Amino acid sequence: MDTPPEISLAAARAHAAARLAAAGIQTPEVDAELLIGHVVDLGRGELAAAMVVGKTLSARDAEHLEDLVARRAAREPLQHITGTAFFRSLRLAVGPGVFVPRPETELLVQYAIDELRALPEPSPIAVDLGTGSGAIALSMATEVPQSTVYAVENSVDAFVWARQNADSVGATNATVVFDDLAHALARLDGTVSLVVSNPPYVPDAAIPRDPEVRLHDPAHALYGGADGLDVVRDVSSTALRLLRPGGRVLIEHGELQGEAIRDLLAADGWSAPATFRDLTQRDRITSATR
């Protein structure tokens, strides 16, 4: 294949965005900028400034970009291509074998952080069940530094990513634990103030439409049994065991699952189960009190 000639960053962006749009990518301009930024090691703001002054992309970098755009056009997740997912204030390493954290989960974390900050304890304990990349646990640990946070994961691949991210973030108040969430952290029974979880909640028969999800997110992080609530049931029983009286649980879920999860929690003996909507007015988070 001939080496592509040197081109302007603006032209490279336009070409990449057009190719991604043709492939059905919903945010082609953003993805194009992030891919170019990954190639030339520039943030989006820096890239915009470089385009304004007419900077160019070398022939070698243009060829590299073509390869990355082809991968994205084939619906490989952007975060797998760049190896990075941005979540709140964190830059997390992600790739095959770990669930890519979603922007909507930032709302769950905000509720968790608000809960932790409102507690009277000088060093509240929080637990993230099914941590994946560590996004929830590490956000709590860095934004509420007086807390002690435990992140539980039972997938070897995801655990490796979570440990890598914990080491990179350097939050000394966060501990990543390899264990099944159904029986994890028995030594903490009755001492935890907050349990948070974004468990797998997709019903087994509800195959996601997006290739990025269907083909690349690990199945163990997506599917939760026939009704999608198998792991939620484990979260409920584990949280009841871990939490002190008055402690709280926060669970992210699908938009049609709020009522079923409230009923599940009430049947397990939780007090005041309530569901909160996300910014698109869809049921997204259910909470309850021990």
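Let's start with strands E3 (residues 84-87) and E4 (residues 90-93), which pair in the antiparallel sense over four bridges. Strands here are DSSP runs of E with at least two residues, helices are runs of H or I with at least four, and both are numbered from the N terminus. Two strands count as paired if DSSP finds at least two bridges between them.

Which residue in E4 is the bridge partner of Phe 86? That's Arg 91. E3 and E4 make a hairpin with two residues between them, and Arg 88 in the turn has a positive phi of about 50°.

## A note on the model

This is a predicted model, where local features need pLDDT of at least 70 and side-chain atom pairs count only at pLDDT 80 or more, while totals for chains, interfaces and linings use all residues. Residues are numbered from 1 along each chain as its sequence is written, and side-chain values use heavy atoms, leaving out hydrogens and water.

## Salt bridges

A salt bridge here is a side-chain nitrogen of Lys or Arg within 4 Å of a carboxyl oxygen of Asp or Glu. By that rule, the count is 17. Take Arg 72 and Asp 31, whose side chains meet in one at 2.8 Å, N to O. This pair links distant parts of the chain: Arg 72 sits in helix H4 (residues 59-73) and Asp 31 in helix H2, 41 residues apart. Arg 72 counts as buried because its relative accessibility is 8%; the cut-off for buried is under 20% relative accessible area, with exposed over 50% and partly exposed in between (1.4 Å probe, protein chains only). Asp 31 is buried too, at 4%. Both belong to a salt-bridge network that links Asp 31, Arg 72, Arg 75 and Glu 212.

Another salt bridge joins the side chains of Asp 217 and Arg 102 (2.5 Å, N to O). Asp 217 is in the loop between helices H9 (211-216) and H10 (230-242), and Arg 102 is in the loop between E4 and helix H6 (105-118), so the pair ties together parts 115 residues apart in sequence.

## Back to helix H2

Helix H2 (residues 28-40) also holds Glu 33. Is Glu 33 buried or exposed? Glu 33 is buried, because its relative accessibility is 12%. Leaving aside neighbours within four places in sequence, Glu 33 is in contact (heavy atoms within 4.5 Å) with Arg 13, Arg 44 and Leu 47.
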